Amino acid sequence: MRSKHGYASGEEISQRLKISRQALWKHIQHLKDSGYEIEAVPHLGYRLRGLPDRLFPSEISSSLTTKLLGKKIYYFEQLHSTMDTAAELARKNAPEGTIVVAESQSKGRGRMGRGWSSPKYKGIYFSLILRPKVLPSQTPVFTLLAAVSACEALKEASGLDVQIKWPNDLLLDNKKIGGILTEISAEPDEVHYLIIGIGINVSSDGKSLPACAISLKEKKAALTSRVELLQELLRRLEANYLQLQKKGPRPVIEKWRQLSLTLGRRVKIDTHSRLIEGEASDIDADGALLLRKDSGLTERITSGDVVHCR
Ligand code: BTN
């Protein structure tokens, strides 16, 4: 609520909110404690001078234009992992599009049993619940969809060209700026739910990041706020999800190909049971990497770590 010079009088606000001046004062104190900069000037009223850099649901929801994603937001200062909390909510029938956001995670996890460093207020750590009507074998494309959406959102919000290393590492200058973890609950012929977890390094300092990682701050990205980046992520995820439902996996796979750093390169892949080398020729509709080996044979790789050779 705004008025002359950006001030709104206490009387106007309490009338509008139908609360007493005393209750309003308490709300203002609470907002100040949460990091909102609010100026109070006698005879003029209150003025909002600054927003806190927090992923509060009220901030995410304001001006969020999605119809499905982020309509229900669970927010925590600290969690073990947003993946666990989202799975718990999904088991209790949380609706599709629900997101779980944490300011920090004590047991953030990555692919292949690795951890995901999640320092407080320094990144975006969230999980999204989806309930697509697909077979378990059709779920890998959702990870590709998330990677594509994250690149698009990062480009829009920060102007940076982030690319994807197969299957879903988000790279900037060959260093990891973000990652995606998808976990599913399914029976052989039915997916109950799918949790997509996205982590993005926003403002960590170089010193606190692993050598192979980078943050938007390190890259001096012109990012306004984490809230804006998260809103853009939700918008892109929703647009790509709706397109996938309408048109099938082709468009998202085509976008993934355009953003890929891996395709067309000579790579070594550690599948954790063996090391294979060859040229990454393409991905198939299930998101598997097609590796053309020196023998001329093409192998289909469904999981592993890629090292780009040249
Ligand atoms: C990877 O690159 O290995 C995937 C990293 C995924 C990290 C995100 S942060 C939000 C969500 N919660 C987790 O514990 N992990 C994912």
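Mentor: Helices (H or I, at least four residues) and strands (E, at least two) are DSSP runs, numbered from the N terminus. This is a predicted model, where local features need pLDDT of at least 70 and side-chain atom pairs count only at pLDDT 80 or more, while totals for chains, interfaces and linings use all residues. Residues are numbered from 1 along each chain as its sequence is written, and side-chain values use heavy atoms, with hydrogens and water left out.

Trainee: Where is Gln105 found?

Mentor: Gln105 is in the loop between strand E4 (99-102) and strand E5 (123-130).

Trainee: Is Gln105 buried or exposed?

Mentor: A residue is buried under 20% relative accessible area, exposed over 50%, and partly exposed in between (1.4 Å probe, protein chains only). Gln105 has a relative accessible area of 11%, so Gln105 is buried.

Trainee: Which backbone nitrogen does the side chain of Gln105 reach?

Mentor: The side chain of Gln105 reaches the backbone nitrogen of Thr82, at 2.8 Å. Gln105 also has a polar contact of 2.9 Å with Ser118, side chain to side chain. A polar contact is a pair of N or O atoms within 3.5 Å; within protein, one must be able to donate a hydrogen and the other to accept it, and residues adjacent in sequence count only if both atoms are side-chain atoms.

Trainee: What lies 2.6 Å from an oxygen atom of the ligand?

Mentor: There are two such entries. One is a backbone N or O atom of Arg111, and another is an N or O atom in the side chain of Lys176. For a nitrogen atom of the ligand, look at Thr82: an N or O atom in the side chain of Thr82 is 2.9 Å away. Taken alone the ligand exposes 410 Å², of which the protein buries 99%.

Trainee: What should I look for in the backbone angles?

Mentor: Start with phi. Ser63 has a phi near 65°, a positive value in a residue other than glycine. Ser63 sits in the loop between helix H3 (57-61) and strand E3 (73-76), and with a relative accessible area of 56% Ser63 is exposed. Tyr121 also has a positive phi near 65° and is not glycine. The loop between E4 and E5 holds Tyr121, which is partly exposed at a relative accessible area of 23%.

Trainee: Which peptide bond is cis?

Mentor: The bond from Trp166 to Pro167 is cis, with omega near 0°. To find Pro167, go to the loop between strand E6 (163-165) and strand E7 (169-172).

Trainee: How far apart are Ala211 and Trp256 in sequence and in space?

Mentor: They are 45 residues apart in sequence and 26 Å apart in space, C-alpha to C-alpha. Ala211 lies in the loop between E9 and helix H6 (226-247). With a relative accessible area of 70%, Ala211 is exposed.

Technical notes:
Areas by Shrake-Rupley, 256 points an atom, 1.4 Å probe, with all protein chains shown as cover.
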